[in-house]
Amino acid sequence: MPDENREVLQTLLYFLSDISSAQENQMTPGNLAVCLAPSVFHLNISKKETTSPRIIQKRGASGKPDHKDLSENMAATQGLLHMISECKKLFQIPHDMMLQSRNSYLAADTNPLSLEDLCVGSSGETRDFSSVLDSSIQALLHESAERFKGWISMSGPENTELSCKKVGDGNPLRLWKVSAEVEAPPSSLLHRVLRERHLWDDDLLQGRVVESLDQNTDLFHYVDRQYGTTSTKWRTDLPRGGCALVSTSLDHATGQLDEGVQAVILSSQYLMEPCGMGRSKLTYICRADLRGRSPDWYNKVFGHLCAMEVVRIRNSFPPLSPGGPETKL
């Protein structure tokens, strides 16, 4: 199925599963399937719209469905019942299929590097791990000082600025950037992004610090629709009280999950700059391989997902004054 259709179906089935599991509720999976199967599978739509004399004569004067119609409805009802009951398994990829297929749309799979490999430079020299993330922060600050030249503006959610650019490293994934004002100072915004993800990420199932490498560097393991381990570093000593946070995926011995797909965060950067009256300008730059997506999906959808992540972070803070910007989800 196309990515968008599959995700709509997954959302619908998860929702129906939640309804059927609610207490004091007579809408069992079977009852839901009886009610919704004709709509989900578009049963008899073409037959109802046709005026062919042959079809009308076959249907008979009573207008009752024939045996074939009844069989189709029964099969659809049983199929939807099974999909609701087994929705958690329906969208999982079997392990043997994972081994036989490439889970990225790239020509070669992108895999997270180990801590040792991450510290090896392009020319083979060994680098300090902290300096690797520091270089990412410096690149972010340089881009900001250059006012993010070369980025292509795109249409994004209200009160956000969305843009992208191609990166000439052989990887076709675009780099996406989202900017928005947040009614909180940079230090509070950094704490919300770093330590309070559960307040703005509805998909987060669990998240924990695996290891603290130094005072400002953590290894963080997360599980949501995907899972992964990231190395995360932050700074709070930028000019005018600004803050920055960068992350990249890391292959760490935290154990592989039986379910889900491992995402690869190629680059994740947050820049929080004060803009007066207790507010901050949040700039979020992201490049990630979520596996199993088509090139069109990355070009059309991924940037908007990044923008809505910024919107959720922004909306997790109460407005400082009436009339502040807000985008409803």
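**Figure 1. Asn159 lies in the loop between strand 2 (152–154) and strand 3 (161–165).** Helices (H or I, at least four residues) and strands (E, at least two) are DSSP runs, numbered from the N terminus. The model is predicted: local features need pLDDT of at least 70, side-chain atom pairs count only at pLDDT 80 or more, and totals for chains, interfaces and linings use all residues. Residues are numbered from 1 along each chain as its sequence is written, and side-chain values use heavy atoms, with hydrogens and water left out. Asn159 is not a glycine, yet its phi is positive, near 65 degrees. With a relative accessible area of 40%, Asn159 is partly exposed; buried means under 20% relative accessible area, exposed over 50%, and partly exposed in between (1.4 Å probe, protein chains only).

**Figure 2. Met277 occupies the loop between strand 10 and strand 11.** Its phi is also positive, about 60 degrees, in a residue that is not a glycine. Met277 has a relative accessible area of 72% and is therefore exposed.

**Figure 3. Helix 1 (residues 3–21) crosses helix 5 (residues 67–85) at roughly 80 degrees.** The two axes come within 8 Å; axes are lines fitted to C-alpha atoms, for helices over the stretch in contact, and angles run from 0 to 180 degrees between N-to-C directions. Helix 1 and helix 5 are therefore roughly perpendicular to each other. Angles under 35 degrees count as roughly parallel, over 145 as roughly antiparallel, 65 to 115 as roughly perpendicular and the rest as oblique. On the helix 1 side, Leu9, Leu13, Leu16, Ser17 and Ser20 take part, and they meet Leu80, Met83 and Ile84 of helix 5. The residues of this contact comprise six nonpolar, two polar and no charged. Ala, Val, Leu, Ile, Met, Phe, Trp, Tyr, Cys and Pro count as nonpolar, Asp, Glu, Lys and Arg as charged, and the others, Gly among them, as polar.

**Figure 4. Thr28 sits in the loop between helix 1 and helix 2 (29–40).** Thr28 is partly exposed, at 36% relative accessibility. Leu81 is 53 residues from Thr28 in sequence, while their C-alpha atoms are 9.2 Å apart in space. Ser85 is 57 residues from Thr28 along the chain, with 9.7 Å between the C-alpha atoms. Ser85 belongs to helix 5 and is partly exposed, with a relative accessible area of 45%.

**Figure 5. Ser144 in helix 9 (residues 129–145).** Its relative accessibility is 17%, so Ser144 counts as buried. Apart from neighbours within four places in sequence, Ser144 is in contact with Leu271 and Glu273; contact means heavy atoms within 4.5 Å.

**Figure 6. Helix 10 (residues 186–195) and its buried residues.** These residues are Pro186, Leu189, Leu190, Arg192, Val193 and Leu194. They pack against strand 4 (175–182), strand 7 (226–235), strand 8 (243–251), strand 10 (264–276), strand 11 (279–289) and helix 11.

**Figure 7. Trp297, Tyr298 and Phe302 form one aromatic cluster.** The structure holds five aromatic pairs. In one of them, Trp297 and Phe302 are tilted, 6.2 Å centre to centre with 50 degrees between the planes. Tyr298 and Phe302 form a tilted pair as well, at 6.1 Å centre to centre and 50 degrees between the planes. Rings of Phe, Tyr and Trp (its six-membered ring) pair if their centres lie within 6.5 Å; planes under 30 degrees apart count as stacked, over 60 as edge-to-face and the rest as tilted. Tyr298 and Phe302 are four residues apart in helix 11 (residues 295–315), so about one helical turn separates them. An α-helix has 3.6 residues a turn, so residues three or four places apart point the same way. Trp297 is buried at 1% relative accessibility, and Phe302 is buried with a relative accessible area of 6%. Tyr298 is buried too.

Figure 8. Of its 329 residues, 39% are buried. Among contacts between residues at least 6 apart in sequence, 58% join residues at least 24 apart. The accessible surface of the chain is about 19,000 Å², and carbon and sulfur atoms account for 53% of that surface. Accessible areas come from the Shrake-Rupley method with a 1.4 Å probe; for residues, only the protein chains shown count as cover.
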